[in-house]
Number of protein chains: 2
Amino acid sequence: METKPTEISSSKMFGGYNKRYKHFSPTLGCSMTFHIYFPPPSPRSNKFPVLYWLSGLTCTDENFIMKSGAQRAASEKGVALVAPDTSPRGLNVEGEADSWDFGVGAGFYLNATQEKWKNWRMYDYVVKELPKLLSENFLQLDTSRASISGHSMGGHGALTIYLKNLDKYKSVSAFAPIANPINCPWGQKAFTNYLGDNKAEWEEYDATCLVSKYKDVSATILIDQGEDDKFLHDQLLPFRFGEASRNANVPLLLRLQPGYDHSYFFISTFIDDHIRHHAQALSL
Amino acid sequence: METKPTEISSSKMFGGYNKRYKHFSPTLGCSMTFHIYFPPPSPRSNKFPVLYWLSGLTCTDENFIMKSGAQRAASEKGVALVAPDTSPRGLNVEGEADSWDFGVGAGFYLNATQEKWKNWRMYDYVVKELPKLLSENFLQLDTSRASISGHSMGGHGALTIYLKNLDKYKSVSAFAPIANPINCPWGQKAFTNYLGDNKAEWEEYDATCLVSKYKDVSATILIDQGEDDKFLHDQLLPFRFGEASRNANVPLLLRLQPGYDHSYFFISTFIDDHIRHHAQALSL
């Protein structure tokens, strides 16, 4: 089984290229796809820093690349975009595709501890396997300069991964993140199944719990949240993250965007601000 | 059956709204959907001119709205975007869904003359029914100021509709249009089935034939064409349109874009130029 990534598609966009790759992931025990957007070569530098984008429930590595329009600003700023998939696929674990908010397409960027879901190790995949694979296979990427962002479940992933790895990422941002999963139905369903009943383990994957723990955050965290997002008050709970950040003196810019919903139309509208936020942290 | 459009979805984007509507079309004899992007209200004007976008083979009214990112420039310039579907649907004509390049999703923006396809009247739907329906139902649209654009089959639609209705549209542009359908396999298959064997009728829906006939074109026609588009030399034939335009003294800006393919990634890259082109013609 080939762990080296094979290019499966390539399309030029804003002077750079969207490229899709397939590889066998030893971490997850299955074949995975991911996308990279390579900005056009620049006279300033021949190595691009990396912005990881973690997608939300039901998404694959394609949604962000096809819908966000992030490539325009990424091209301008000279940052590569890396979009992984959202869970292992094709393992045929019983019940893995029974619901849209759990199992396939819903990895929650954690390492499952329950035997049945042992392949669900998206935390290790994103934090360890993928950066190593990128630095070994793409000389034009400088994975030592990296930032992370995401949407909804991917916003949860970005915030938790950042807070647990302040040495690895220069900055974080999120769109409508699941900001306190231990207290919302999506998070409780996923964590019960992936992690069992040990609540201390749950807190290790909850941005609101983590932000109090890792107080040495210096770069401002940027979050955009649509006010007409139907998941705002039941599932996302960004105000709890806001309160915990204030209490921990962690700099947070939580912007409420009137009229916006949970869709990629919302992301497209504000993605340029997020790219600029990360470009600044990456010294671009 | 309700001919008045009913709103079926609404999402804020770049300060304006993507709205999807459903209505019964007397022209086509079936229920149809279309999208409008309304830019944000502006102090300059309370009526927005309209840019029609005609999509390509297999598309619905959704592709352009979800993938092009055109709303950013449309918001900035204050032009409404109107994206109709690409054919009648749900009529259950025998064989209508047998191929991706004919029948459902492949209306070719003409009025069929063959009995079997009598509902395929996308020309009348786009040129007559839709503008009337828009002006009667959306006071914020000024349909007397309109331009037209499209991609592939929709580029063919935009060019032919514009050339036959110079009084109705201020400007035209196209991405990778099927520019000489009577001489390519897609066009020959569609025209044979929809129009029968009368070649004089075929020429009425062929941009390369029409451009010689309507010489009083004053606004520059803008076409972008990817050089790595796999359909360029067999199906699209833009150079024939270029030659016919030169012979007819019709101003044409045909831009070849190295490395770009036939996808929406190509469209996203250059859509801002097209919006600006139309905004200028619409005096925005």
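These are my notes on what I looked up in this predicted model.

**Entry 1: how the chains are related**

I began with the two copies, chain A and chain B. Chain B is superposed on chain A by a rotation of 180 degrees, with 0.0 Å of shift along the axis and an RMSD of 0.0 Å. The copies are thus related as by a two-fold rotation axis. I then asked which residue of chain B comes closest to that axis. It is Lys67(B), whose C-alpha lies 2.6 Å from the axis.

**Entry 2: the interface**

Next I looked at where the chains touch. I found 22 residues of chain B in contact with 22 residues of chain A. About 1800 Å² is buried between the two chains, and carbon and sulfur atoms give 56% of this area. Lys12(B), Met66(B) and Phe265(B) supply 35% of what chain B buries against chain A, more than any other three residues. Several elements of chain B supply at least two residues each to the side that touches chain A, namely the strands β1 (6-13) and β2 (16-25) and the helices α1 (63-67), α2 (71-77) and α10.

I also looked up the polar side of this interface. There are 8 residue pairs in polar contact between chain B and chain A, counting pairs with both residues at pLDDT 80 or more. The count of salt bridges between the chains is 0. Because 100% of the interface residues of chain B are also interface residues in chain A, the copies meet through the same surface.

**Entry 3: His274(B)**

Helix α10 of chain B covers residues 264-281, and I picked His274(B) from it. Is this histidine buried or exposed? His274(B) counts as buried, because its relative accessibility is 1% and the cut-off for buried is under 20%.

I then listed what His274(B) touches beyond its neighbours within four places in sequence. The contacts are Ser149(B), Ser173(B), Ala174(B), Phe175(B), Leu222(B) and Asp224(B). With Ser173(B), the side chain of His274(B) makes a polar contact of 2.8 Å. Ala174(B) is 100 residues away along the chain, yet its C-alpha is 8.3 Å from that of His274(B).

**Entry 4: cysteines**

Last, I searched for disulfides. The whole structure has 0 of them over all chains. At 24% relative accessibility, Cys209(A) counts as partly exposed. Cys209(B) is also partly exposed, at 24%.

Key. Residues are numbered from 1 along each chain as its sequence is written. Chains are lettered from A and ligands numbered from 1 in the order in which they are written. This is a predicted model: local features need pLDDT of at least 70, side-chain atom pairs count only at pLDDT 80 or more; totals for chains, interfaces and linings use all residues. Side-chain values use heavy atoms; hydrogens and water are left out. A disulfide is a pair of cysteine sulfur atoms within 2.5 Å. Buried means under 20% relative accessible area, exposed over 50%, partly exposed in between (1.4 Å probe, protein chains only). Copies are superposed by least squares on the C-alpha atoms of residues with pLDDT of at least 70 in both. Contact means heavy atoms within 4.5 Å. Helices (H or I, at least four residues) and strands (E, at least two) are DSSP runs, numbered from the N terminus. A polar contact is a pair of N or O atoms within 3.5 Å; within protein, one must be able to donate a hydrogen and the other to accept it, and residues adjacent in sequence count only if both atoms are side-chain atoms. Buried area is the accessible area (1.4 Å probe) that two parts lose on being put together, summed over both. A salt bridge is a side-chain nitrogen of Lys or Arg within 4 Å of a carboxyl oxygen of Asp or Glu.
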